[in-house]
Amino acid sequence: MEGQSYAAGWISPTPVEWQSALGGTHIGGFTNSTARALIYSTSVGPAAFAFNATDVLDNSASISDIPTTELLKYTLPNGLVPLEDLYNSSGTNDLWTHASEGSFGMIVP
C-alpha cells in the first residue's frame, strides 16, 4: 500500500455514505506498539488510509502499489506522544502513550 507501514495493519469497509468523502471503499491503518514495531516507522497514534478494493481486485496481476489516500497519521516529532515523554512519565498526556495501540479501526455508519 502507498501508506506503507502506516496502512499495513487492519482493514475495514467504509460505509457507502462516506466512501465519496473519504476517497475509498475501505480504510486500512496501523499504530505503533513497542512489541511489534519501531516508533519511527509507524504512526505515533492511530493511522487511517482510504483505498478502493476494486483497484486491487480488478488489477491484481499488474498492480505493484495500492493507491491510498491519507486520512490520519502521526509521525515523530508530531505524534500524539511528545518524543521526550514517550511513556507519559509527566502524567500530562491522557490520550496516548508509546505503549498504546489500536487493534482495529472502523467508521460507524
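Predicted model: local features only at pLDDT ≥ 70, side-chain atom pairs only at ≥ 80, totals over all residues.

Modeller: Buried means under 20% relative accessible area, exposed means over 50%, and partly exposed lies in between (1.4 Å probe, protein chains only). By that scale T68 is buried, because its relative accessible area is 17%. Residues are numbered from 1 along each chain as its sequence is written, and side-chain values use heavy atoms, without hydrogens or water.

The protein has 2 helices and 4 strands (DSSP runs numbered from the N terminus: H or I of at least four residues for helices, E of at least two for strands). Read from the N terminus, the elements follow the order β-α-β-β-α-β. The 4 strands form an open sheet, in the order β1-β2-β3-β4 and with antiparallel pairing (two strands pair if DSSP finds at least two bridges between them). β1, residues 10-13, and β4 stand at the edges. Each has a single partner strand, so one side of each is left without a neighbour in the sheet. From one strand to the next, the twist averages 30° (axes are lines fitted to C-alpha atoms, for helices over the stretch in contact; angles run from 0 to 180 degrees between N-to-C directions).

Now β3 itself. It spans residues 48-51 and is joined to β2, residues 26-29, by 3 bridges. These two strands run antiparallel. In this pairing, I27 stands opposite A50. On the β4 side, 3 bridges join β3 to its antiparallel neighbour. There, F49 stands opposite E70.

What about the faces? In a regular strand the side chains alternate between the two faces of the sheet. Both faces of β3 are covered. A48 and A50 lie on one side, F49 and F51 on the other, and all of them are buried.

The side chains of E70 and K73 meet in a salt bridge, at 3.7 Å from N to O (a side-chain nitrogen of Lys or Arg within 4 Å of a carboxyl oxygen of Asp or Glu). A search of the whole structure finds 1 salt bridge. E70 counts as partly exposed, because its relative accessibility is 47%. K73 is partly exposed too, at 30%.

T68 belongs to the loop between α2 and β4. Which residues does T68 touch, leaving out those up to four places away in sequence? T68 touches M1, E2 and G3, and also F49, A50 and F51 (contact means heavy atoms within 4.5 Å). F49, A50 and F51 are among the buried residues of β3.

Helix α2, residues 53-58, contains A53. A53 is buried because its relative accessible area is 18%. Leaving out residues up to four places away in sequence, A53 touches T25 and H26. A53 and P13 are 40 residues apart in sequence, yet their C-alpha atoms are 9.1 Å apart in space.

The segment after β4 holds E101. E101 counts as partly exposed, at 35% relative accessibility. E101 and T31 are 70 residues apart in sequence and 5.6 Å apart in space, C-alpha to C-alpha. V108 is exposed, because its relative accessible area is 62%.

Zoom out to the totals. Of the 109 residues in the protein, 36% are buried. Among contacts with a separation of 6 or more, 54% come from residues 24 or more positions apart. The protein exposes about 6,400 Å², and carbon and sulfur atoms supply 55% of it (Shrake-Rupley areas, 1.4 Å probe; for residues, only the protein chains shown count as cover).
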